[in-house]
Structure formats: C-alpha cells, structure tokens
Amino acid sequence: MQDFLWRNRSSLTEFVLLGFSSNTQINGILFGIFLLLYLTTLLGNGLIITLIHMDSRLHTPMYFFLSVLSILDMGYVTTTVPQMLVHLVCKKKTISYVGCVAQMYIFLMLGITESWLFAIMAYDRYVAICHPLRYKVIMSPLLRGSLVAFCGFWGITCALIYTVSAMILPYCGPNEINHFFCEVPAVLKLACADTSLNDQVDFILGFILLLVPLSLIIVVYINIFAAILRIRSTQGRIKAFSTCVSHITVVTMFSIPCMVMYMRPGSESSPEEDKKLALFYNVISAFLNPIIYSLRNKDVKRAFFKVVGSRKGSE
C-alpha cells in the first residue's frame, strides 16, 4: 500500500497541520487542557481494563465489551493527541506524507471498529434484559470473540477504502491542513482534483458505518424498552433502564458528530466547526466514556475499593 500511494502522489512530501491558533499564549493554555484530558483518558480507561482483569465478578460479557471499548479509546486518542500536544508547543507543525496516511488509516480503523462495537454492546444489553437466564450461554466466549473480530474486520477494510480513495488523489500544493490531525475531510480540501466522487464514497460508507449500526441500536432498544415495561417491579424497571442510559449517552456523543463530519458534502464544511466536531468524538468522548459508562457503575466501584483495600491490607 505504501509503494502504491508513493507512486500516485504528487510533489508534496509533507503537510503542515495548522492546529487551533497561532497565538503562543492560547496554545500554551490548550496544551495544559489537552494534556490533562489525555492523561485522564489513559488513566480512566486503563483503570477500567485493570479492574475487569483483576476482579472475577467482572468477567461477564458486558464488561468484556467495556474493556474492548476502553482499549479502542486509548488507541483512538493516542493516534492524534500526542502529536497535537507537540505541535501546540513547537514552531514546526509538519507531518510527513506517509505519516499522514498512517495516522488517517489508524484513526479511521479504530473509529469504525468502535462504531460497530456500540451496536454489539446494544445487542449484549438486549440479551441480558430480555433473556437473563440464558445470558451467559448465548453470549459465549466464542460468540463474543467473533463479534469483536467482526467489528475489527469492518474497521480494517473500510478504513483502507477511505484512506486509499483520499490519498490516491494528486496533492500539488498548498500543503497546509487546517486541522490538528490528518482527517479525511480536511485533507481532501488540498487535492488538485475533483473530489465529488470522494464525497459520494464518504456518504455511502458513512451510511453503512454509522447509520446502519445506529439503526440496529434503535431497533434493539425498542425491544429492550418493551421488555422493561413488562417488568412488574418499579425497582426492576429502574435497574434495567439504568444499564441502558449510559450506553445511549455514549453512542449519541460519538455518532451524531461523526455523521455530521462524514456524511455532508465537503463544500458545506467549515474548518473551525470540523475541529470542534473532531475534538468531541475523538478526545471528549474517550475522556467521558469511563465516567459515564463504567466509573459510575456500582460493580466497578466495588472492584476498585476491593483492589485498594487489598493493597492497603498487604502493606
């Protein structure tokens, strides 16, 4: 793939990422904010993975998918944020052509995988609420692994289509990308060719990768809510509904900005709006996921205090 892209590119050997501002003071403030968000994201998601691994009571299908989500989120932000932090404090804000291709591909691969994982997590909630007695039998380790592999397959394949369709175009200058990383819509603005076909590809893939999983999630939750209404006890309804609220919140934060970014024509996009949208589904959602989905969960809190208590006792 690298040789193919090398032969088909134009004279550009690197791109300049303009980032957020040319003001040194503003960049210094942004550096502190994004560094804190990045470290907190790694800490929160890393803590979730560690607790799920250490506490046998969390060895359930739901927490298995949560651990996969945390791994994806850590990779997702690491693809973009460290470079953004360097560019905020350094005068040189360049990225090589090959580096831009790699960043674009990895970012898309992880994002697409996460999009489909949300649909799988919705199905997991459906089985847990509608078929509680058969939950662990249905969601067997083999099925869980196969579902995650399915998500990964979509991520790897569709990210390759996205990346090749964007980088096969000629880029002859200027080389300034008005963004903080190499995202497809921002890079396409620099192409020295008609990008209307790319807009169509982006819309079709966006439909498959965002609207289809979202539609599946909606259908699943209609069935879940119907099942919840059949629960006689009020406490049982509240407990079942609370397990769904977190997932719905996370899906909404991720999917809506992604749809706006990837399913609208490039001519209608604004660089400043694109940066805000990208920050939301790349940095902010990964930062909030552990808080919304896991750290407010009683089982995770119990596991955390158990680990902390056991360490204090050993000392």
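The model is predicted, so local features need pLDDT of at least 70 and side-chain atom pairs count only at pLDDT 80 or more, while totals for chains, interfaces and linings use all residues. Residues are numbered from 1 along each chain as its sequence is written, and side-chain values use heavy atoms, with hydrogens and water left out.

Over residues 29-52 the chain is 100% helix and 0% strand, with end C-alpha atoms 35 Å apart; helices (H or I, at least four residues) and strands (E, at least two) are DSSP runs, numbered from the N terminus. Helix α2 covers residues 24-54, and its 31 residues should span 45 Å at 1.5 Å a residue, which agrees with the 44 Å between its end C-alpha atoms; the expected span is 1.5 Å times one less than the number of residues. The buried residues of α2 include Leu30, Phe34, Leu37, Tyr38 and Thr41, where buried means under 20% relative accessible area, exposed over 50%, and partly exposed in between (1.4 Å probe, protein chains only). An α-helix has 3.6 residues a turn, so residues three or four places apart point the same way.

Turning to the cysteines, the count comes to one disulfide, defined as a pair of cysteine sulfur atoms within 2.5 Å. This disulfide joins Cys100 to Cys182, with an S to S distance of 2.1 Å. The pair links distant parts of the chain, 82 residues apart: Cys100 is in helix α4 (residues 97-130), and Cys182 is in the loop between β3 (176-177) and α7 (184-188). The torsion about the S-S bond of Cys100 and Cys182 is about -120 degrees, so the disulfide is left-handed. Both Cys100 and Cys182 are buried. Cys90, by contrast, is in no disulfide, and the nearest cysteine sulfur, that of Cys182, is 17 Å away. The sulfur of Cys244 lies 8.9 Å from the closest cysteine sulfur, in Cys130, too far for a bond.
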